[in-house]
Amino acid sequence: IHICWLVDLAGRKINEIQGSELTYFFGPQWLKGYQSNNGLFFDFLPPGSSLDHYHNRNDSKEYDACFLGHIPLPWDQQLLERKILDHPDQVINFGDVVETFEQDWALRDEIGNNDDYIDHIVGWVRGKSGVTIEIPVGPLRYDIGCRLIRQSRRYLYMKALLDNKVFPKLGIWGSENWRRYEEFQYLYHGFLSTPQEMNDLFNRSRYVLHEGVGLHFRVFDSLAAGVPLIIRESKNDAEFGGLATYFSEGEHFLSFDLASVEVLKEKIEIHQRRITNSEIDVSRIIKEKHTWRSRAEKIINDIGDFLG
């Protein structure tokens, strides 16, 4: 039996993921429109965490919040000049897509899957030119279907927290790309390479920042370390596979809308009182339901069902 557990499409079309007896997607949005050519099994399956690596040490808190993750480099001119449409009567560059959609997509409180964004651009170009384009698998398709929305949402999320001075002591860890953003470079502390380094940081932080709607590795690892999340509010949270279908607002995470960041400060004050009074244990749910062992058990059960 061949099992595929997909973390990133890397610019491919969703329905090009074929051939495995069991296919799992990290993102529930990828299930939309997916069809197995041979009627084989597929499902949504988020990551888990290891309690051997991530655990609560009750350390004193050095940071009010931390962000662990990368951010793509700012768009350079060469990338912006890539042609989406090269027609005698009209030329549309990738830069036109960025100018038209980057801010709009980033402000929306829900996200689609990679192919949704590609289809939107294909329809937009058709409406402007009457020409139906094909965006082949590769870097351009990845940049439109994934990087554009990820980069812009992450930027706006972090910028909103900074502009509203939500956290007096905030730090960023991840790729060197953070140094290329003037707004964030002074917060950048470097790259963490091991689970021990990440667990150390989690335990020195009151909150872990997570702008995405997906159940990323950092979601489970930070909660396993006993550290709640600060997320950007989204309609997707309460939908299938959404964060709010796994965890509880006010206990495991706090959410805020970009238009009302001030409300987050009040939520944090209330939440910190509950933590001080030991009213909540954010790591308990990971121990019970979300270890890598629990994910392996699901796969084993699915293999049994598949084989009949």
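## Exercise 1: Around a core residue

Keep in mind that you are working with a predicted model.

**Task.** Find which residues V219 is in contact with, leaving aside its neighbours within four places in sequence.

**Solution.** 
- Step 1. Setting those sequence neighbours aside, the contacts of V219 are H210, G214, L229, L243 and F247.
- Step 2. Now widen the view: V219, L229, L243 and F247 touch the most other members of the largest nonpolar core, which has 35 residues.
- Step 3. Elements that each supply at least two residues of this core include β1 (3–6), β4 (63–68) and α5 (195–203). The greatest contribution, four residues, comes from α6.
- Step 4. Apart from this core there is another one, with 25 residues, and F67, A160, Y181 and I268 are among them.

In general, nonpolar side chains in soluble globular proteins tend to be buried together.

## Exercise 2: Checking a helix

**Task.** Work out what span the 14 residues of helix α2 should have at 1.5 Å a residue, and compare it with the distance between the end C-alpha atoms.

**Solution.** 
- Step 1. The expected span is 1.5 Å times one less than the number of residues, so α2 (residues 94–107) should span 20 Å.
- Step 2. The end C-alpha atoms of α2 are 20 Å apart, in agreement with that value.
- Step 3. Look along α2 as well: a kink of about 45 degrees is centred on F101.
- Step 4. F101 is also one of the buried residues of α2, together with F94, G95, V97, V98, W105 and A106. Among the elements that these buried residues pack against are α3 (114–129) and α4 (139–163).

## Exercise 3: Two helices that cross

**Task.** Describe how the axes of α3 and α4 cross.

**Solution.** 
- Step 1. Two packed helices are described by the angle between their axes and the distance between the axes.
- Step 2. For α3 and α4, the axes come within 8 Å and the crossing angle is roughly 115 degrees.
- Step 3. This crossing of α3 and α4 is right-handed.
- Step 4. On the α3 side, the contact is made by N114, D115, Y117, I118 and I121, and on the α4 side by R141, I144, G145, C146 and I149.

## Exercise 4: A residue in a loop

**Task.** Decide whether N58 counts as buried or exposed.

**Solution.** 
- Step 1. Locate N58 in the loop between β3 (41–44) and β4.
- Step 2. Its relative accessibility is 64%. Exposed means over 50%, so N58 counts as exposed.
- Step 3. Check the backbone too: N58 is not a glycine, yet its phi is positive, about 55 degrees.

How values were computed: Residues numbered from 1 in each chain as written. Predicted model: local features only at pLDDT ≥ 70, side-chain atom pairs only at ≥ 80, totals over all residues. Heavy atoms only, no water. Core = buried A, V, L, I, M, F, W, Y, C linked by side-chain atoms within 4.5 Å. Buried < 20%, exposed > 50% of the residue type's maximum accessible area, 1.4 Å probe, protein only. Contact = heavy atoms within 4.5 Å. Bend = angle between axes of the 7 residues up to and from the residue. Axes fitted to C-alpha atoms, helices over the stretch in contact; angles between N-to-C directions. Left-handed = near helix turned anticlockwise from the far one by under 90°.
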